[in-house]
Amino acid sequence: MSGRGPKRELAEKIAGEITLSDDPGATLRKWRTDFDISQTDLASELDISSSVISDYESGRRESPGIGVVRRLVRGLLAIDERRGGDRIRQYGRVLSAGFDSDVVYDLQEYATSIPLARLHDDLEATVVSPGNTDHISGHTVIDSIEAITRLSSEEFFRLYGQSTNRVLVFTNVTRGEGVGIALRVLNPTPNAVILHGLEEDELWDHAAELARIDGYSLAVTNVGLDEMLERLAGLE
């Protein structure tokens with residue numbers, strides 16, 4: 001893995017997290033499931049028994065040394081590359097923007113602007129407030145709790161990427177109060193917001209009114225997180 005591209009940076013991040021973790025097996029399992037790779041597929045890639053992967057992840061086998069960690073990481077990345085490299089690109093965008101992958105799941109700029117209605121349709125989103133824009137130029141997918149509790153106001157602005165003409169998709173939402181209030185203090189606000197993981201009737205009573213006042217489109221979707229990320233990757 002020569003050079004300092006996203007693949008190399010991601011490999012170093014995964015290896016570092018596993019090696020320094022208090023529970024290396026759990027950290028390995030987190031990354032394997034994030035890449036949507038089964039124990040069987042990873043074991044086959046490494047030409048070992050799937051029970052070896054299981055033993056590492058459960059803690060039944062002694063924590064892997066750096067050589068084993070290197071093989072595990074290369075295996076994850078090799079499988080993703082054969083599948084099209086979606087996870088490598090996704091994490092690469094997030095890392096290059098200076099965010100941790102547990103705060104920002106994806107940050108993407110589109111080659112050309114696309115109709116906001118198309119994105120709503122792809123994500124099976126229900127529009128709660130239409131907003132003032134009908135095209136968007138990118139998206140950012142954010143864990144709402146992690147973003148609100150960990151990001152400074154300057155870092156929050158970096159969620160916009162190259163433009164506010166984008167959709168901010170907030171996951172880990174219960175009713176949307178925190179997101180609505182947080183967006184009130186941002187100037188400018190994004191052009192569109194999607195709250196993930198709830199239905200329209202579960203939404204905070206004042207969410208639509210705040211969106212109308214600040215002029216951004218607001219929608220909700222209950223599509224699974226992994227499925228949503230895959231559909232967003234298809235917009236490239």
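Before you click, note that the model is predicted, with local features needing pLDDT of at least 70, side-chain atom pairs counting only at pLDDT 80 or more, and totals for chains, interfaces and linings using all residues. Residues are numbered from 1 along each chain as its sequence is written, and side-chain values use heavy atoms, leaving out hydrogens and water.

**Stop 1: H1 and H2**

Select 6-20 and 24-34, which are helix H1 and helix H2. Helices here are DSSP runs of H or I with at least four residues, strands are runs of E with at least two, and both are numbered from the N terminus. The two pack at an angle of about 150°, with their axes 8 Å apart. Axes are lines fitted to C-alpha atoms, for helices over the stretch in contact, and angles run from 0 to 180 degrees between N-to-C directions. That makes H1 roughly antiparallel to H2; the label applies over 145 degrees, while under 35 is roughly parallel, 65 to 115 roughly perpendicular and the rest oblique. Now show side chains: Leu 10, Lys 13, Ile 14, Glu 17 and Ile 18 of H1 meet Pro 24, Thr 27, Leu 28, Lys 30 and Trp 31 of H2. Contact means heavy atoms within 4.5 Å. Color by class and you get 6 nonpolar, 1 polar and 3 charged residues. The nonpolar set is Ala, Val, Leu, Ile, Met, Phe, Trp, Tyr, Cys and Pro, the charged set is Asp, Glu, Lys and Arg, and the others, Gly among them, are polar.

**Stop 2: H5 and its partners**

Next, pick helix H5 (residues 66-82) along with helix H3 (residues 39-46). H3 and H5 pack at about 105°, axes 9 Å apart, which makes H3 roughly perpendicular to H5. On the H3 side, look for Asp 41, Leu 42, Glu 45 and Leu 46; the H5 side includes Arg 71, Leu 72 and Ile 79. This contact divides into 6 nonpolar, 1 polar and 4 charged residues.

Leu 77, Asp 80 and Glu 81 of H5 touch Asp 86, Arg 87 and Ile 88 of H6. The tally is 2 nonpolar, no polar and 4 charged residues.

**Stop 3: the sheet**

Switch to cartoon. An open sheet of 6 strands runs S1-S3-S4-S5-S6-S2, with mixed pairing; strands pair if DSSP finds at least two bridges between them. Strand S1 (104-115) and strand S2 (126-129) stand at the edges with a single partner strand each, so one side of each has no neighbour in the sheet. Neighbouring strands are turned by 20° against each other on average, direction ignored.

Zoom in on S2 and strand S6 (residues 217-221), which run antiparallel and are joined by 3 bridges. Val 127 has Ala 219 of S6 as its bridge partner.

**Stop 4: the cavity**

What lines the largest cavity? Select Gly 176, Val 179, Gly 180, Leu 183, Val 193, Leu 195, Ala 207, Tyr 216 and Leu 218. H10 gives the most, with 3 residues. The lining has 7 nonpolar, 2 polar and no charged residues. A cavity is a set of points on a 1 Å grid over the protein atoms alone where a 1.4 Å probe fits but cannot get out, and lining residues have an atom within 4 Å of a point.

Key: 1 Å grid on protein atoms, 1.4 Å probe; cavity = no way out; pocket = protein on both sides within 12 Å on 5 of 7 lines; lining within 4 Å.
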